[in-house]
Amino acid sequence: MMSEPLNSETEFFDREAIEELQLRRLQRTVSYAYDRVPLYQRKFDEAGVRPEDLRSLADLAKFPFTTKEDLRAEYPFGMFAVPQAEVSRIHASSGTTGQPTVVGYTRNDLRNWADLVARSMRASGARPGHKVHIAYGYGLFTGGLGAHYGAESLGCTVIPMSGGQTEKQVQLIQDFEPEVIMCTPTYLLTIMDAFTQRGVDPRSTSLKYAICGAEPWTEEMRHELETGLDLKACDIYGLSEVMGPGVAGEFVETQDGSHLWEDHFRPEILDPFNLETALPDGETGELVFTTLTKEALPVIRYRTKDLTRLLPGTARPGMRRMERIGGRTDDMIILRGVNLFPSQIEEIALRIPALSPHFQLEISRPDRMDELTVRIEPREGTSSAERDAAAIRLRQEIKVQIGSSALVALAEPGSLARSNGKLRRVYDVRNKA
């Protein structure tokens with residue numbers, strides 16, 4: 001599909017040049033997808049649009065969305081735009097909530113993916129020669145291998161630990177002395193706690209940079225990790241249906257949200273309740289992506305269900321930034337008519353000194369109304385009076401800031417489940433009574 005070189009020079013394009021590049025690549029991508037993927041031919045025809053109708057960036061709004069359900073319906077390889085012999089690698093989701101979504105990569109796709117992860121890592125502080133401890137899961141999940149090949153592309157030494165085996169993680173960090181760690185923020189919190197339990201000050205390690213992604217996290221969690229480990233923590237964003245990690249990366253110098261690599265992806269922000277309404281930069285809505293350079297699996301207007309907003313670029317003025325994901329439309333809890341996300345609870349709890357970042361949300365229906373219980377651990381060393389006061393304050397702050405009542409149940413320190421990768425925050429027990 002590619003007829004122009006893909007190199008790092010486009011990272012430094014100004015806004016006008018980026019949008020000119022996007023239009024060229026969009027026009028080529030929609031034609032390519034229509035010609036090669038039966039699903040897109042059906043969708044375009046049903047919507048009454050053809051590739052030649054895309055004459056401006058604004059015309060992208062005429063084209064239909066792609067959803068996770070589309071990928072599931074075409075399982076396993078119906079979305080591929082190239083013959084099987086040209087697919088160099090296959091990844092897939094876990095399929096825990098339904099049919100897995102399958103993604104494929106050509107050799108060019110893998111090269112571009114590695115380059116974009118390397119670009120994201122360099123933005124976040126990693127440099128050639130650094131040792132990079134990768135604690136994302138390997139296998140069909142895109143996190144581990146995506147980070148791995150990106151680190152190698154940057155010229156780093158890779159320590160491919162994968163997720164889990166927390167005691168071994170701690171031992172290897174002490175023995176191998178990496179400068180960089182890549183994992184989910186909640187798993188980094190687990191590793192930090194494991195150092196403390198071993199009697200080792202987490203601030204004494206060799207780690208200088210953490211590159212975290214794969215789940216929503218807050219500024220309060222960043223502060224927790226940075227102060228607890230004496231490092232700089234930055235966000236990396238991606239999703240397998242669009243590429244994997246490296247769709248956007250945060251610059252360590254600014255730490256003001258991840259810059260989207262708009263030379264490879266065209267983002268939109270839409271009203272999640274009325275997808276016909278495009279929202280301007282600065283307003284929060286659902287993030288939608290169109291790939292611009294993918295060969296094996298081009299996606300047109302993919303609904304991520306992630307909620308964020310777009311902001312002007314800073315470290316790379318031509319590329320817009322995305323605010324850290326605050327939640328997902330499918331993670332949203334609707335409690336007695338009020339919408340809330342686990343990240344909101346995290347943000348409030350971590351502003352209360354006596355409370356730890358370890359919490360779970362339990363939704364129950366003891367009577368006719370839904371009820372939310374926040375089970376949270378206090379910090380070690382806090383007194384009984386401090387813990388009780390913190391629980392009262394958390395309940396009050398949830399009511400004031402979110403607008404809904406919740407119960408707060410203090411759990412014994414160390415009793416709640418710890419992350420071994422992605423952490424489950426919400427437990428719905430309404431149908432288990």
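Q: Which residues do ring pairs link into a cluster?
A: The cluster consists of Y34, Y40, F44 and F63. Rings of Phe, Tyr and Trp (its six-membered ring) pair if their centres lie within 6.5 Å; planes under 30 degrees apart count as stacked, over 60 as edge-to-face and the rest as tilted. This is a predicted model, in which local features need pLDDT of at least 70 and side-chain atom pairs count only at pLDDT 80 or more, while totals for chains, interfaces and linings use all residues. Residues are numbered from 1 along each chain as its sequence is written, and side-chain values use heavy atoms, with hydrogens and water left out.

Q: How many aromatic pairs does the structure hold?
A: The structure holds eight. In one of them, F77 and F80, the ring centres are 5.3 Å apart and the planes stand at 35 degrees, so this pair is tilted.

Q: Is F80 buried or exposed?
A: F80 is buried, at 8% relative accessibility, whereas F77 is partly exposed at 37%. Buried means under 20% relative accessible area, exposed over 50%, and partly exposed in between (1.4 Å probe, protein chains only).

Q: What about F251 and W261: how are their planes arranged?
A: The planes of F251 and W261 are at 75 degrees, with the centres 6.3 Å apart, so the pair is edge-to-face. F251 lies in the loop between β8 (244–250) and β9 (258–260), and W261 in the loop between β9 and β10 (265–271), so the pair ties together parts ten residues apart in sequence. Helices (H or I, at least four residues) and strands (E, at least two) are DSSP runs, numbered from the N terminus. Both F251 and W261 are buried.

Q: Which residue lies over the face of W261?
A: That residue is R119, at 4.9 Å from the ring centre. Elsewhere, the charged end of R425 sits over the ring of F359, 3.9 Å from its centre. A charge sits over a ring if NZ of Lys or CZ of Arg is within 6 Å of the ring centre and within 35 degrees of the ring normal.

Q: Changing topic, which residues of helix α2 are buried?
A: In α2 (residues 38–47), the buried residues are L39, Y40, K43 and F44. They cover an arc of only 120 degrees around the axis, which puts them on the same side of α2. The arc is that of the directions from the helix axis to the C-beta atoms.

Q: What do they pack against?
A: The buried residues of α2 pack against α1 (15–36) and α3 (68–73). Just after α2, G48 takes a positive phi of about 75 degrees.

Q: How many disulfides does a search of the whole structure find?
A: The search finds zero. A disulfide is a pair of cysteine sulfur atoms within 2.5 Å.

Q: Finally, where is V374?
A: V374 is in strand β20 (residues 371–378), and V374 is buried, with a relative accessible area of 0%. The C-alpha atoms of V374 and L394 are separated by 9.2 Å, while these residues are 20 apart along the chain.

Conventions. Contact = heavy atoms within 4.5 Å.
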